[in-house]
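Take a look at the structure below. This report walks through it in short steps.

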Amino acid sequence: MVWDWLPVYLPRFVEGLWITIKLFSLSIFFGFALAIPIGLVQVAGPKWLGYIAHGFCTLFRGTPLLIQLWLLYYGLGSVFPYYPGLRESFIWPILVEAFPYAIVAFSLSVAAYEGHVMKGAFQSVPKGELEAGRAFGMSGFTLLWRVWLPRALQNVLPTLAGEAVLTLKSVPLASTITIFGVYGVGSIVRQDTYRTYEPLLFVGFIYICITGLIVVLFRWLENRVPSESQM
Amino acid sequence: MKLLKSILAAVVVSASFSSLANAELRLGLDSANYEPFYSRSANGEWAGWEIEIGDALCAAMQEDCVWVPIAWDGIIPALTAKKIDLIFGSMSITDERKKTINFSNKYYNTPAALIAPKGMSISSIDDLKGKKVGVQVSSTHSNYAEKYLSDGTDIKIYQDFNEHNQDLFAGRVDAVVADSLALAPFLESAEGACCEIKMELNDEEVFGIGVGAGIRKEDTDLLDRVNAAIVKIREDGTYDEIAKKYFNFDIYGG
């Protein structure tokens, strides 16, 4: 084992870690914000909206994230030159950056997986509890906010933790569209030093640490919501 | 893509293990196309200038050779781990690489080039300040960018040669540094018509003295045989005959 490269590349790893965490947390945030309505309309929404949500989940869960990412980044990119005005427009500075594409692709993927989970979560809340809420005179939104959503989340927090960890481990895919997170920096080290094991082990170690943090965070959340036996 | 490449490489590597018994020479090249040097045709056969040269060298050495595509960023480890016997995929000879592997004498040498959209005026690399420049990861071109452009230029690193060309066309990068010859088919394509060669880049320290076959340090016998084979095909006219089919200049370099 040779580790002399580590001090040299440490600043780049810190930079990469920041990118990895930023991409991960923004995707989870936007993805989950989308997942709640996607899950809800499949259980309680108008039928046609439910079908659209279901179709979205099937499509995005059924195709590889890598392909979605590439269709979005390189697919859209290949269309740009045919709209000459685009390069002078105000959104061009965003379109040339790779990061927004990654956020969109990852968020949609998270939304599809967690939307599916949330559908089951909403279904799993006993009807009687919702009826009890209504009997108290709660409006639709209050019922959702005070009873339905908290009870649904309580049931699926462990599943959501698992989904979050899976999302984290998809982040290396972003290196194919020039976003060099921890994994990307690791591959630069591999190519510069021709060492295979050490950089990969180091990258793996960083991922285990982040995964550990996510697990701890979710456990903390789970402890904050009262469990079935405590009620 | 990365994943796909590594899975593909793993499959090919395990497949090539079984052929170890036949004592074939396994020539490793990048699993992505690198025209006109090598590319895979629709039926999966490798073709191109470098493939023909490699086959000619094998014939001169009286060896049976197989081509093994490997993801570029893992090709030197694949050689040292004995998953291939030779790197024959347009790898420039550099001092940095020589620390890990040996190189045969060069079998060709072409300059690096900077390409950019036709309308853009670039007369020196100083004009790239504040611009985005695409290079392939782990290439001499990325080393060049690192050395000369790291101050004030946004260097974007791509996993694959074709991807930075695509983003040059899309306008996501303002210029690309790559091998002049490898860029030629792109510049001739409909997409590449946007752009032209702005200048040739020279720095022997970065780009090295040319392209050679990568060989494990301990395989000195193979090294001698490859060098002898290069001399042989240069002398008997095989080299020029193949080169003439692809290039209208001296690819071997001065």
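## Two helices in chain A

The crossing of H8(A) and H9(A) is right-handed. A crossing is called right-handed if the near helix is turned clockwise from the far one by less than a right angle, and left-handed if anticlockwise. Helices (H or I, at least four residues) and strands (E, at least two) are DSSP runs, numbered from the N terminus. The model is predicted: local features need pLDDT of at least 70 and side-chain atom pairs count only at pLDDT 80 or more, while totals for chains, interfaces and linings use all residues. Residues are numbered from 1 along each chain as its sequence is written, with chains lettered from A and ligands numbered from 1 in the order in which they are written.

Two packed helices are described by the angle between their axes and the distance between the axes. The axes of H8(A) and H9(A), residues 197-224, come within 9 Å and cross at roughly 170°. Axes are lines fitted to C-alpha atoms, for helices over the stretch in contact, and angles run from 0 to 180 degrees between N-to-C directions. H8(A) is therefore roughly antiparallel to H9(A). Angles over 145 degrees count as roughly antiparallel, under 35 as roughly parallel, 65 to 115 as roughly perpendicular and the rest as oblique.

On H8(A), the contact uses Val182(A), Tyr183(A), Gly186(A), Val189(A) and Arg190(A). H9(A) brings Pro199(A), Leu200(A), Phe202(A), Val203(A) and Ile206(A). Residues are in contact if their C-beta atoms, placed from the backbone, lie within 7 Å. By class, the contact has 8 nonpolar, 1 polar and 1 charged. Ala, Val, Leu, Ile, Met, Phe, Trp, Tyr, Cys and Pro count as nonpolar, Asp, Glu, Lys and Arg as charged, and the others, Gly among them, as polar.

## Where the chains touch

The contact takes 18 residues from chain A and 19 residues from chain B. H3 (65-77) and H8 (182-193) of chain A each supply at least two residues of chain A's side. H8(A) gives the largest share of that side, 4 residues.

## A sheet in chain B

In chain B, 5 strands form an open sheet in the order S9-S8-S10-S7-S11, with mixed pairing. Two strands pair if DSSP finds at least two bridges between them. S9 (154-158) and S11 (195-201) of chain B are the edge strands, and each pairs on one side only.

S8(B) and S10(B) run parallel, joined by 2 bridges. Val133(B) stands opposite Ala175(B) in S10(B). Helix H6 (residues 161-170) of chain B packs on the sheet, touching S8, S9, S10 and S11 of chain B.

Conventions:
Two residues are in contact if their C-beta atoms, placed from the backbone, lie within 7 Å.
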